[in-house]
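Please study the sequence and the structure before reading each solution.

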Amino acid sequence: MTPPFFLDAHLDLALNALEWNRDLTRPITEIRAAETGLRDKAGRGRGTVCLPEMRRGRVGLAVVTQLARVNRNEGVNPVAVWQSPTQAWAMTQGQLAWYRAMEEAGEIKMIATKADLEKHVEHWKNGQTSVIGCILSLEGADSLITPGHLEMAYAQGLRAVGPAHYGPGRYAQGTASTGGLPPLGRELLAEMDRLGMILDVTHLSDDCFWEALKIFAGPVWASHSNCRALVPGQRQLSDDQIRALLERDAVIGAALDCWMLAPDWVQGQTSSEERGLRLGAVVEHIDHICQIAGNTRHVGLGSDLDGGFGREQSPCDLDTIADVGHLHDLLQARGWSEQDLKNFAHGNFLRILRRALA
Ligand SMILES: [Zn+2]
């Protein structure tokens with residue numbers, strides 16, 4: 001069976017274009033070759049994501065991020081962390097400019113309404129397009145100068161917000177930090193509710209996770225999160241958190257970053273070849289959620305494949321994003337029905353999007 005088209009709920013395309021200086025319209029071999037000799041970031045010369053590879057893997061729809069953190073205490077870091085919210089806002093506006101330029105070039109289509117979503121889905125189902133649909137999401141809300149800036153971002157097409165990223169944030173505490181929502185965060189969640197936006201709980205500290213679910217009434221997803229029962233650590237969702245998400249009819253996107261797939265992974269040291277870490281590990285996380293839910297309605301793909309790493313931190317049987325089709329084969333081998341497979345590939349995340357964009 002040919003895999004259905006995929007919706008990837010988490011890619012940092014614009015960050016790769018602007019901060020890694022990658023021309024994502026080029027073949028992956030060219031992008032890798034252009035980075036020969038560069039040592040500024042782990043993952044140089046090993047990228048797995050570009051628009052041609054997304055098309056080859058039938059990743060026809062993606063939730064793509066704007067992303068810029070603020071933390072004065074981390075010192076002056078050329079691009080990853082900004083000294084002020086105004087600088088971070090300008091960075092995310094630059095990222096938006098790149099998405100719009102890609103749209104003008106006919107490479108992608110920005111999707112912010114239900115009508116556009118349905119038209120795009122029909123075209124991919126019928127093989128009538130190779131344009132990649134993109135839904136805008138903000139990963140970490142630091143760059144919103146005030147909660148009032150959210151309305152401006154919404155007008156620009158933003159439809160989902162993950163209030164936190166790494167460390168303490170202006171609106172929420174993120175990965176590897178503790179503590180609840182600051183007053184600004186509670187204000188932001190109320191504004192998200194008013195505008196009808198999706199809450200992305202990925203990266204929230206445990207305290208913020210529970211508080212946000214209590215305050216926020218709208219649609220929820222975890223765009224790129226795996227299971228803490230399989231890989232200990234606060235970056236993953238506990239079974240209690242998974243159950244709370246199921247009660248909200250949320251969907252959880254499986255992340256393909258080895259660090260979140262294997263409990264013994266040491267960044268910069270472990271190799272997926274030597275460790276024998278394959279895409280089958282992703283299936284274990286997907287299966288764990290399905291076992292808790294008793295169905296396949298809450299899992300999807302949130303690959304994060306361009307989230308600051310490349311092949312060195314990806315399953316060894318994945319060369320590029322085009323290989324996500326293997327997940328389909330692995331699930332099929334486990335006896336998943338055609339409907340189950342479609343749920344995973346795009347159906348579940350589409351259910352949340354249809355609700356949110358209506
Ligand atoms: Zn992330």
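**Exercise 1.** Determine which residues coordinate the zinc ion, and how the donors are spaced along the chain.

*Solution.* Step 1: in this predicted model, the zinc ion is coordinated by Glu139 through OE, and by His203 and His224 through NE2, at 2.1 to 2.2 Å. Step 2: along the chain, the donors follow the spacing E-x63-H-x20-H. Step 3: Glu139 and His224 link distant parts of the chain, being 85 residues apart. Glu139 lies in strand β6 (residues 132-139), while His224 belongs to the loop between β9 (220-222) and α9 (239-247).

**Exercise 2.** Decide whether Glu139 is buried or exposed, and do likewise for His224.

*Solution.* Step 1: a residue is called buried if its relative accessible area is under 20%. Step 2: Glu139 has a relative accessibility of 6% and therefore counts as buried. Step 3: His224 has a relative accessible area of 1%, so His224 is buried.

**Exercise 3.** Locate His10 in the chain and describe the polar contacts of its side chain with Glu139 and His224.

*Solution.* Step 1: His10 is part of strand β1 (residues 6-11). Step 2: because its relative accessible area is 2%, His10 is buried. Step 3: the His10 side chain forms a polar contact with the Glu139 side chain at 3.1 Å. A polar contact at 3.4 Å joins the side chains of His10 and His224. Step 4: beyond its neighbours within four places in sequence, His10 is in contact with several residues, including Val63, Thr65, Ser223 and Asp304.

How values were computed:
Residues are numbered from 1 along each chain as its sequence is written. This is a predicted model: local features need pLDDT of at least 70, side-chain atom pairs count only at pLDDT 80 or more; totals for chains, interfaces and linings use all residues. Side-chain values use heavy atoms; hydrogens and water are left out. Donors are N, O and S atoms within 2.8 Å of the metal (3.2 Å for Na, K and Ca); water is not among the atoms, so sites may look incomplete. Helices (H or I, at least four residues) and strands (E, at least two) are DSSP runs, numbered from the N terminus. Buried means under 20% relative accessible area, exposed over 50%, partly exposed in between (1.4 Å probe, protein chains only). A polar contact is a pair of N or O atoms within 3.5 Å; within protein, one must be able to donate a hydrogen and the other to accept it, and residues adjacent in sequence count only if both atoms are side-chain atoms. Contact means heavy atoms within 4.5 Å.
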